[in-house]
Amino acid sequence: MPCRGVLTIKPLALMPMNVRIWLTLAVFFVPHVLYAAPLVLPETTDTLLIFHSRELSRKLVRQPWIIPQTVLFAGDSIMEGVGPVMATMLANRTGLTFVQAGRSSTGLCRPDFYDWPKAMRTYMRTNHPSVVVFCIGTNDDQSVTDAGARYHFDSPRWKQAYARKVEEIINIIAENGAVSIWVSAPIMGSKAMRPRVHAIMEVIRQTCENKNVTFVDVWGTLADGSGNYQYAALTPNGKRILLRAKDGVHVTSAGNKMLAKTVYSYVDKALTPNGHMEAPASIVKSGAANP
């Protein structure tokens with residue numbers, strides 16, 4: 001007769017088959033479960049590692065989880081210059097593809113010359129960007145046609161019509177699941193052109209604000225300390241660098257680097273693993289400049 005407090009276990013061979021199977025599995029797996037490491041998730045999703053146990057985790061090769069993304073740089077000749085510089089600055093990020101879609105002499109007022117809504121639909125459908133950086137306006141100080149009617153530049157009806165064209169581009173980008181970042185033009189050299197381009201910028205700014213889209217104001221990035229246009233600037237060590245082309249519109253390599261540095265943090269922030277801005281869109285000023 002067995003003693004009290006002693007557990008009698010039948011030999012394994014005498015146990016039913018299903019009991020033997022479960023017991024064998026328990027003997028094999030329970031130690032791994034008891035000594036398993038907790039599920040480890042990194043703070044960011046750049047790397048995702050799941051460990052079944054400490055023993056297995058030592059044998060696993062850590063593989064980064066890369067989410068490929070495309071950045072589309074689009075707009076007029078200002079973006080033709082700053083887009084490639086931005087791509088160089090972002091080149092150290094893994095899994096990025098860049099599409100340069102800057103087109104000289106283009107704007108939103110003349111779809112007969114270049115149809116930006118049509119082009120953007122093609123880019124979105126073909127390249128599937130997750131972030132679109134758009135700069136336009138230096139060629140739009142002219143009449144605009146909307147719904148068959150033509151409106152003179154800077155009239156109240158013109159502003160409404162131009163805002164609808166900006167909104168159309170914003171909607172095309174959003175409908176295709178991308179983040180939209182709009183960048184203003186830098187201050188213009190021509191005293192006649194300066195207030196006209198500034199007025200266009202203000203329509204774009206207001207439209208972006210109404211649509212909760214990020215607008216980065218670089219109007220003052222290349223201006224002097226008083227907010228006035230400058231052709232060149234002095235570095236801290238006294239070296240003179242050219243910022244603008246002789247036409248007062250276009251930007252030199254040094255100027256494009258300054259513009260790109262201003263925009264960089266907002267593009268970098270948009271390139272989170274889930275492809276969306278982490279914070280609400282905002283109006284971002286780089287410094288005051290005179291209209």
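Guide: A nonpolar core here is a set of buried Ala, Val, Leu, Ile, Met, Phe, Trp, Tyr and Cys residues joined through side-chain atoms within 4.5 Å. Buried means under 20% relative accessible area. The model is predicted.

By that reading, the largest nonpolar core has 43 residues. Leu-72, Trp-116, Met-120, Trp-158, Tyr-162, Trp-182 and Ile-204 have the most contacts inside this core. Strand 1, strand 2, helix 4, strand 3, helix 5 and helix 6 each give at least two residues to it. Helix 5 gives the largest share, nine residues. In soluble globular proteins, nonpolar side chains tend to be buried together.

Now helix 5 itself. It covers residues 156-175. Its 20 residues should span 28 Å at 1.5 Å a residue, and the end C-alpha atoms are 28 Å apart, so the two values agree. The buried residues of helix 5 are Trp-158, Ala-161, Tyr-162, Ala-163, Lys-165, Val-166, Ile-169, Ile-170, Ile-172 and Ile-173. Lys-165 is among them. What covers these buried residues? The cover includes helix 4 (116-127) and helix 6 (193-210). It also includes strand 3 (131-135), strand 4 (144-146), strand 5 (149-151) and strand 6 (179-183).

Take Trp-158 next. Beyond its neighbours within four places in sequence, Trp-158 is in contact with Cys-109, Asp-140, Gln-142, Ser-143, Val-144, Tyr-151, His-152, Phe-153, Ile-200 and Val-203.

Look at both ends of helix 5. Asp-154 sits in the loop between strand 5 and helix 5. Its phi is positive, near 70 degrees, in a residue other than glycine. Asp-154 counts as partly exposed because its relative accessibility is 32%. After helix 5 comes Gly-177, with a positive phi near 75 degrees.

Helix 6, part of the cover, leads on to another such residue. Asn-212 lies in the loop between helix 6 and strand 7 (214-217). Phi of Asn-212 is positive too, near 60 degrees. At 51% relative accessibility, Asn-212 counts as exposed.

Strand 1 (residues 69-75) and strand 2 (residues 96-102) run in the parallel sense over seven bridges. Phe-73 stands opposite Gln-100 of strand 2.

Ser-77 is found in helix 3. Its relative accessible area is 12%, so Ser-77 is buried. Setting aside residues up to four places away in sequence, Ser-77 touches Arg-103, Ser-104 and His-250.

Val-251 lies in the loop between strand 9 (240-242) and helix 7 (253-270). Val-251 counts as buried because its relative accessibility is 17%. Its contacts beyond four places in sequence include Ile-78, Pro-186, Leu-222 and Leu-259. The C-alpha atoms of Val-251 and Val-82 are separated by 8.6 Å, though the two residues are 169 apart along the chain.

Of its 291 residues, 41% count as buried. Among contacts with a separation of 6 or more, 65% join residues 24 or more positions apart.

Methods:
Residues are numbered from 1 along each chain as its sequence is written. This is a predicted model: local features need pLDDT of at least 70, side-chain atom pairs count only at pLDDT 80 or more; totals for chains, interfaces and linings use all residues. Side-chain values use heavy atoms; hydrogens and water are left out. Two strands pair if DSSP finds at least two bridges between them. Helices (H or I, at least four residues) and strands (E, at least two) are DSSP runs, numbered from the N terminus. Buried means under 20% relative accessible area, exposed over 50%, partly exposed in between (1.4 Å probe, protein chains only). Contact means heavy atoms within 4.5 Å. The expected span of a helix is 1.5 Å times one less than its number of residues.
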